[in-house]
Amino acid sequence: LQLWNNYFHLAVAFITQDSLQLENFSHAKYNKIQNKYGDMRRLIGFAIRDMWYKLGQNKICFIPGMVGPILEMTLIPEVELRKATIPIFFDMMLCEYQRTGEFKKFENEIILKLDHEVEGGRGDEHYMQLFESILTECACQYPGIFNLVESFVSLVKGLLAKLLDYRTVMNDESKDNRMSCTVNLL
């Protein structure tokens with residue numbers, strides 16, 4: 001358990017390090033790195049995804065502990081990485097649901113961590129749309145859990161929209177806008 005926990009945390013720390021956030025570089029530097037090395041974040045993200053699915057029945061040992069690191073990884077603004085790793089959330093929900101009949105630990109953890117990540121500057125509208133479409137698509141295959149997943153996605157989407165609004169308005173000059181946004185978030 002400790003070995004796999006270390007592996008996942010190390011891999012997430014690697015792909016979230018500042019020096020690999022290619023979108024922060026100039027266009028010329030981005031192209032040079034992309035041509036020479038490719039996007040290493042995608043490669044490691046795919047390895048994390050593959051290892052997650054190989055854990056089998058042991059996945060439950062990593063819920064809710066790995067929710068935050070996986071969330072941090074999925075918030076990286078790289079579309080293919082997001083598409084490949086957001087389904088891990090559904091798998092986490094399904095694992096907890098099959099064990100307990102609900103996924104409250106997962107839900108509480110993702111809400112807590114989402115607030116922290118968005119406040120730190122991560123997340124965007126595109127992420128919100130991908131999150132909704134991918135989890136809804138995954139849930140379609142499991143009618144017994146579909147309504148719970150749909151409610152969860154709606155909750156997270158609403159929270160994320162409010163957090164993104166709050167982050168945007170914090171730089172606003174108008175105290176009324178900031179106060180209104182704060183009240184909506186609360």
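Which residues in α6 meet which residues in α9? The views below take this contact and two other parts of a predicted model.

**View 1. Contact of helix α6 with helix α9.** From α6, the residues F90, M93, L94 and Y97 take part; from α9, their partners are G144, I145, L148, V149 and F152. By class, this set of residues comprises 8 nonpolar, 1 polar and no charged.

**View 2. Crossing of α6 and α9.** Helix α6 covers residues 87-100 and helix α9 covers residues 143-169. Their axes come within 12 Å, at a crossing angle of roughly 125°. The crossing of α6 past α9 is right-handed.

**View 3. Crossing of α4 and α6.** Helix α4 spans residues 67-74, and its axis comes within 10 Å of that of α6. The two axes cross at roughly 160°. Because angles over 145 degrees count as roughly antiparallel, α4 and α6 are described as roughly antiparallel to each other. The crossing of α4 past α6 is left-handed.

**View 4. Contact of α4 with α6.** On the α4 side are V67, I70, L71, M73 and T74, which meet I88, F89 and M92 of α6. The residues of this contact divide into 7 nonpolar, 1 polar and no charged.

**View 5. The span of residues 1-134.**

Conventions: Residues numbered from 1 in each chain as written. Predicted model: local features only at pLDDT ≥ 70, side-chain atom pairs only at ≥ 80, totals over all residues. Heavy atoms only, no water. Axes fitted to C-alpha atoms, helices over the stretch in contact; angles between N-to-C directions. Helix = DSSP H or I, 4+ residues; strand = E, 2+ residues; numbered from the N terminus. Left-handed = near helix turned anticlockwise from the far one by under 90°. Contact = heavy atoms within 4.5 Å. Nonpolar A, V, L, I, M, F, W, Y, C, P; charged D, E, K, R; others polar. Parallel < 35°, antiparallel > 145°, perpendicular 65-115°, else oblique.
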